[in-house]
Amino acid sequence: MIKKTDLLAIGHTALDSIVLVKEFPSPNSSTLIKQIKNFDGGAAANVAVVASTLGLKSALVSAVGDEFKASNYHNKLKTMGVDTDDMIVIENEKTPMAWVFTDSNNDQISYFYWGAAAYFKESEPPERAIKKATAVHLATGDPCFNRRSGEVASEFQKLISFDPGQDLHMYSPEKLKSVIKVCNILFGNHYEIDRILKTLNMDINELRSIGPEIIVKTYGKDGSVIYADKKIKIDSILRTPVDPTGAGDSYRAAFLNAYLNDKDLEYCGKFASAVSSFIVEAEGCQTNVPDYNMTIERMKEKWDE
Ligand SMILES: Nc1ncnc2c1ncn2[C@@H]1O[C@H](COP(=O)(O)OP(=O)(O)OP(=O)(O)O)[C@@H](O)[C@H]1O
């Protein structure tokens with residue numbers, strides 16, 4: 001019997017190293033590292049992990065190296081119930097890695113190693129995983145693979161959400177438009193949504209008219225705005241951030257969780273806001289992930305509902 005999934009996340013699974021230095025070295029010099037911490041990451045995996053912790057049956061399709069199957073990260077995903085049966089495993093390659101260097105001014109320099117993810121381009125869209133899912137989330141990853149996966153998901157009439165995130169610059173205007181056309185929900189932070197509007201030379205209503213009936217624009221600690229038939233402003237549940245990375249992915253996972261449970265858009269935004277407020281309280285994108293009850297408690301504290 002085919003096991004159905006609620007949410008399939010497509011895009012990066014990555015290993016993140018957060019490196020603290022006093023200052024960045026100039027070329028041909030070196031600097032001492034104060035601390036290195038390794039975390040499980042990658043936008044699609046972050047979404048799958050948060051969605052699964054909140055109670056959705058989630059699945060993940062990423063391109064990973066051949067060391068991944070035996071890794072603790074993979075074991076963790078399986079233990080959580082994330083379906084990884086359709087992961088793309090590339091022989092003699094490594095799972096993507098990100099190194100984020102932070103100096104004492106909190107300025108950051110990042111390096112991203114695509115490794116196995118470079119093979120997304122030549123991989124077939126995960127039709128079997130798409131067919132099994134109620135909703136498909138296209139996270140940061142290869143633009144061609146996302147476009148082709150979006151087309152298959154559209155053919156099978158799935159709910160499609162799209163978040164090009166920091167890979168936005170890799171999309172040509174045509175490619176960007178073609179993914180946006182097939183998606184139902186477009187997510188982005190305010191820089192990203194503004195850049196999409198500028199690239200496509202559209203305002204938010206024109207953008208909605210070509211595809212996504214819902215556009216969600218996040219503003220960090222200043223909350224988020226949902227553009228649908230009406231505009232809904234959602235406050236954040238403000239916390240002093242220990243590490244803001246992963247706030248966006250957790251927001252998307254939580255929003256989709258509430259949406260798939262037939263909640264109205266204001267509720268979806270509040271639920272997402274509550275979940276992401278936990279994520280900023282700890283280092284890493286998959287740490288301090290709240291379960292459903294913890295999220296509801298925090299929502300009640302803020303909105304008394
Ligand atoms: N300091 C904070 N306290 C509480 N909630 C926060 C804070 N920062 C962000 N959030 C929540 O997380 C949501 C997403 O944040 P943001 O707009 O920074 O996304 P992002 O840029 O995609 O994040 P990232 O790329 O760092 O994961 C916000 O709409 C807000 O609800």
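Before you click, note that the model is predicted, with local features needing pLDDT of at least 70 and side-chain atom pairs pLDDT 80 or more, while totals for chains, interfaces and linings use all residues. Residues are numbered from 1 along each chain as its sequence is written, and side-chain values use heavy atoms, without hydrogens and water.

**The sheet.** Select β3, β2, β7 and β8: in that order, these four strands form an open sheet with mixed pairing (strands are DSSP E runs of at least two residues, helices H or I runs of at least four, numbered from the N terminus; strands pair if DSSP finds at least two bridges between them). β3 (33-41) and β8 (108-113) stand at the edges with a single partner strand each, so one side of each has no neighbour in the sheet. Now pick β7 (residues 97-102), which runs antiparallel to β8 and is joined to it by six bridges.

**Helix α4.** Move on to residues 143-155, the 13 residues of α4. Buried here (under 20% relative accessible area, 1.4 Å probe, protein chains only) are P143, F145, N146, S149, G150, V152 and A153. At the N-terminal end, D142 is the cap, with a side-chain oxygen 3.1 Å from the backbone nitrogen of C144. After α4 comes Q157, with a positive phi near 55°.

**The ligand.** Finish by selecting T218, G220, G223, R239 and G246, the nearest of the 23 residues around the ligand. A backbone N or O atom of G246 lies 2.9 Å from a ligand oxygen. Helix α8 gives the largest share of the shell, four residues.

Technical notes. The expected span of a helix is 1.5 Å times one less than its number of residues. Buried means under 20% relative accessible area, exposed over 50%, partly exposed in between (1.4 Å probe, protein chains only). A polar contact is a pair of N or O atoms within 3.5 Å; within protein, one must be able to donate a hydrogen and the other to accept it, and residues adjacent in sequence count only if both atoms are side-chain atoms. A residue is near a molecule or strand if one of its heavy atoms lies within 4 Å of it.
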